[in-house]
Amino acid sequence: MRARFIDWIWHVRGTLALAPQQSGEEAFDRLEPLFGESGTSHQRSGDTLTFSKKDQAAQDKMSVFDGGVLQIEQGGTGSVLRYNLKSRALLFCFLAPLLFLAFGQLTVALGKLESPAAEAGKEAGDKKDDKKDDKKPAAAMNPIDKFLGAPEPEKPDAKKDKEKGADKKHSPTSAYVFAAFFAALYVIGRILEDRLVRKLFRRKLLGV
């Protein structure tokens, strides 16, 4: 029961009503071409069809799924096809945001740990940099720019460059961007693949 509570993350389930008078054998006959693709193996046993995929080709219409079970059951208004498909790709897209969020938090934590030691070294380094900056001449100004009244260039500020470099080093922004990307990819893929496989099965069952 507990596994069923979380396996919706990488499982796609659904049901489709068969056409009136359509038998389970006829339904599987129409669906069977889908499981004849390269890298796909399948087995039929009565009203159940199981399949698995390995190194499936990109042109396979069900390439996102790695295996599953299809069953013909008797419903209140007739026979129905019940399917349960699993996808490692969906599981990866679900876990990837969590991984990148962890990287982002780790980056922030490392920045906080390094801050005390960096502050002590920064104070000593700032004094040396101030002395060096005072001695360092400003960049030579072009005579033409000077004649036209252009402002003189400022002295290089090594201190600001170091601070920018440190901020960039401990920034979790990239990790958060990747987390958002994979989260969106999962939501879109989860909804889209559900609709696509349902539409694919319906077309095959109706023979269109």
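These legends walk through several close-up views of a predicted model.

Local features here need pLDDT of at least 70 and side-chain atom pairs count only at pLDDT 80 or more, while totals for chains, interfaces and linings use all residues. Residues are numbered from 1 along each chain as its sequence is written, and side-chain values use heavy atoms, with hydrogens and water left out.

**View 1. The open sheet has five strands.** The strand order is β1-β5-β4-β3-β2, with antiparallel pairing. β1 (11–17) and β2 stand at the edges with a single partner strand each, so one side of each has no neighbour in the sheet. On average, neighbouring strands are turned by 15° against each other, direction ignored. Two strands pair if DSSP finds at least two bridges between them. Axes are lines fitted to C-alpha atoms, for helices over the stretch in contact, and angles run from 0 to 180 degrees between N-to-C directions.

View 2. Strand β4 (residues 67–74) and strand β5 (residues 79–86) pair in the antiparallel sense over eight bridges. Val69 has Asn84 as its bridge partner in β5, and Gln71 has Arg82. In the hairpin of β4 and β5, four residues lie between the strands, and Gly78 takes a positive phi near 140°. β1 and β5 also run antiparallel, joined by seven bridges. Look for Leu16, which stands opposite Leu81 in β5.

View 3. Strand β2 covers residues 40–45, and Thr40 is in it. How accessible is Thr40, buried or exposed? At 15% relative accessibility, Thr40 counts as buried (buried means under 20% relative accessible area, exposed over 50%, partly exposed in between, with a 1.4 Å probe and protein chains only). Leaving aside residues up to four places away in sequence, Thr40 touches Phe35, Ser52, Lys53 and Asp60; a contact means heavy atoms within 4.5 Å.

**View 4. Phe35 and Phe51 make an aromatic pair.** Rings of Phe, Tyr and Trp (its six-membered ring) pair if their centres lie within 6.5 Å; planes under 30 degrees apart count as stacked, over 60 as edge-to-face and the rest as tilted. The structure holds eight such pairs. In this one the ring centres are 4.9 Å apart and the planes are at 40°, so the pair is tilted. Phe35 lies in the loop between α2 and β2 and Phe51 in strand β3, 16 residues apart. Phe35 is buried, with a relative accessible area of 1%, and Phe51 is buried too, at 5%.

**View 5. Phe92 and Phe182 pair edge-to-face.** Their rings are 5.8 Å apart centre to centre, with 90° between the planes. Phe92 is in helix α3 and Phe182 in helix α6, 90 residues apart.

Methods: Helices (H or I, at least four residues) and strands (E, at least two) are DSSP runs, numbered from the N terminus.
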